[in-house]
Every structure is written in structure tokens, then in C-alpha cells.
Amino acid sequence: RRRADPALGVPQLLRREVTPHAAPASGPLTLAEVEAAARRVYAAMLPTPQVAWPLVARRAGTEVWVKHENHTPTGAFKVRGGLNLLGQFADSPAPPAGVASATRGNHGQSLAYAARRHGLACTIVVPHGNSRSKNAAMRAYGAELIEHGRDFDEARVHAHEVARERGLAFVGPFERPLVAGVATCALELFRAVAGRDRVYVPIGCGSGICGLIGVRDALGLSTAIVGVVSTGANAYAQSFRARSPIQTPSAVTMADGMAVRVPVPAALEILWRGAEDVIEVDDAAIGEAMRALFDDAHQVAEGAGAAPLAALLADPARAGRRCAVVLSGGNVDRDVYRDVLAGA
């Protein structure tokens, strides 16, 4: 056991590089695909650390490593996908003039950050009442922000219309290069810390959990991947149990990164084949996990970022297992975080 070095360099992370080869558009991720994404990602950021905080382990009663995606340049794991996708756009013979997408915040920050890096325009649609700090960050990265709809799924439909009207490339929430980009997080975790029995990861539209499943399978590991959703936005949990896509009428949770009503069919196919379980946690448990991460590790976690720890603490299967949780982001509005720390 060891604390992974946050300054692991690209040559070390890619030390088991395989011969590059093309993967079918709908086939499983390959190591070559994820390692190609890693080169684009590491041109802009360092790998993030994974740390076994002793107080987190004491609280959980088992070994727990925290993967710190709150330490990326945008404060969330999504930036990896944006860097890979827009890096591919920029390298293409005829790159688009710009991109358009929808978000609750972290995906939009990812695209805005990468678009500025590659000189592309970026238009992002957010629902009304979206996080003020996430909106401010997207604008600071140079994105044009449009407010439309009551939730992410309505914003996504409008973003598609905006892209068509303006001649922009529409970026959905589950493009393959996005999944390959965020999968670099899994590559770091599995190569830095061997022998994980269970990894808990939040589900928004599914790129994070599908990246973990893809890398686990490519490396030939047996680690159980457990998805986490909110009880107030449980479309993926219902769909996972029913083995059929189920949309929910609403998605109400303080964990805005998981507030999705309409699951992505391609993501569900991967979950059905490769996920151990999808656990639901309520906002009270998420708030408790946010406080725990602050108390035990002095880390700021947004709702979705703390949800994996909430799920682990509620899961009897954690006992005696070597576990990891993906702290997917730390982008939480100050007033929300103040109330959570106060126990509200």
C-alpha cells in the first residue's frame, strides 16, 4: 500500500502502452484509445492524486482510497473529456467553428476550458436556476451562456436546436471521445493503486462509470464498479434494475451533477453488462458525506462528488473490501456549502 504520487508523469502512466489500433465506434474502449486520450489530457493538466485518508477509512471501517477529481483545472473530472474531444476537433483537417452543448456545470466548464485552449467558440445552454458559481466559471472560460428550460434534459434539447441554427458542432453528454477522456481518471486509479475490490462513482449521464468499466475490462481486472444516483434523480437506478430505459418525470436533488431524468441508452448498455450495482442515496446522506470529506480529509466536495462516499457508507458489501470512491468534483456554491456544513 502506498500513497500515489500526484506528480506521476505521462511516461509512468503509459508504461504498459499497447500498439495503437482503431476500435469500432460502438465497441468497448481499448487501452490504446484511452492512452491516446491521456496524451491530450496531460498536455493541459497533471494526473490527479488518489489518497487513502485514515479518518475516511476509520469512518467506513474498511480501506478507502479517494480519487481527487476535485483537483483538476476546472475542479471536476469532466475536463478530461473536453480536452480529448476538442483536441480531436482541433487536429482534424476541417475543425468546426465552435461547439454547443448543455450542462448543469461541469461538462460545460470542460468544453469551455478546452475550447479556449484550442481557439474554438463555445455556446452552453443551462437550465434556469443553475449553479451561479458554475455559470460564472463557464463565462470566465469564454463560453456564451444561454439559460433555457427547467432542467438539464430540456436544456439539452434546446442546445441541439442552437447548434443547428448556428452551424456549430453539437456535443452530447456521452460522445465516445468524452468517455475515453474521462476514462483516463480510471487508468490513473487502477495503475496507481492495485487490488481494488469495489469502486463507487456517481452517475450523471454515465461517462464516468462507463470509463471505469471500460478501463477495468481493458486491463483484465475483476473490480466491482458501483454506480451512485440520487433518490430524487434515479432514472439510472430504475433502468438498471428493469434492464430497460426508464425516464423519470423530475430530477430534484442538491447534487446537480446527477440531476438527469433521461438516461443515455448507450450508457445503459454498458452498465447492464459491466456494473455491479447502482445505489441510491438521498440528499441527507450526501450532505453527511460532504461534511465527512471536509472533516476527515479537508476536501471540498459538491453533491455528486460526495455521493460515492455516501453510497459506500450505506453499503454492507464494503466490509473487509479494498474500496475507492471517485470524488468527481468540488464545484459547489458557497451558500449551499455553508448550509451543508452547518447541517442544514
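**Figure 1. Cysteines of the predicted model, in which the disulfide count comes to 0.** A disulfide would require a pair of cysteine sulfur atoms within 2.5 Å. For C210, the closest cysteine sulfur belongs to C205 and lies 11 Å away, so the two are too far apart for a bond. C323 likewise takes part in no disulfide, its nearest cysteine sulfur being that of C185, at 16 Å. C210 has a relative accessible area of 3% and is therefore classed as buried. C323 also counts as buried, because its relative accessibility is 0%.

**Figure 2. R243, a residue with positive phi in a loop between two helices.** The phi angle of R243 is about 55 degrees, although R243 is not a glycine. The loop that holds R243 runs between α10, residues 235–242, and α11, residues 265–274. R243 counts as partly exposed because its relative accessibility is 46%, a value that falls between the limits of 20% for buried and 50% for exposed residues.

**Figure 3. H298, a non-glycine residue with positive phi.** H298 has a phi of about 55 degrees. Its place is in the loop between α12, which covers residues 283–297, and α13, which covers residues 303–314. With a relative accessible area of 63%, H298 is exposed, since the class begins over 50%.

Figure 4. Of the contacts between residues at least 6 apart in sequence, 73% join residues at least 24 apart.

**Figure 5. Burial, surface and charge in the protein.** Of the 344 residues, 61% are buried; C210 is one of the buried residues, at 3% relative accessible area. The accessible surface amounts to about 13,400 Å², and carbon and sulfur atoms contribute 52% of this area. The protein carries 37 positive and 33 negative side chains. The centres of these two sets lie 4 Å apart.

Methods: Residues numbered from 1 in each chain as written. Predicted model: local features only at pLDDT ≥ 70, side-chain atom pairs only at ≥ 80, totals over all residues. Heavy atoms only, no water. Buried < 20%, exposed > 50% of the residue type's maximum accessible area, 1.4 Å probe, protein only. Contact = heavy atoms within 4.5 Å. Areas by Shrake-Rupley, 256 points an atom, 1.4 Å probe, with all protein chains shown as cover. Lys, Arg positive; Asp, Glu negative; His and termini not counted. Charge placed at Lys NZ, Arg CZ, Asp CG, Glu CD. Helix = DSSP H or I, 4+ residues; strand = E, 2+ residues; numbered from the N terminus.
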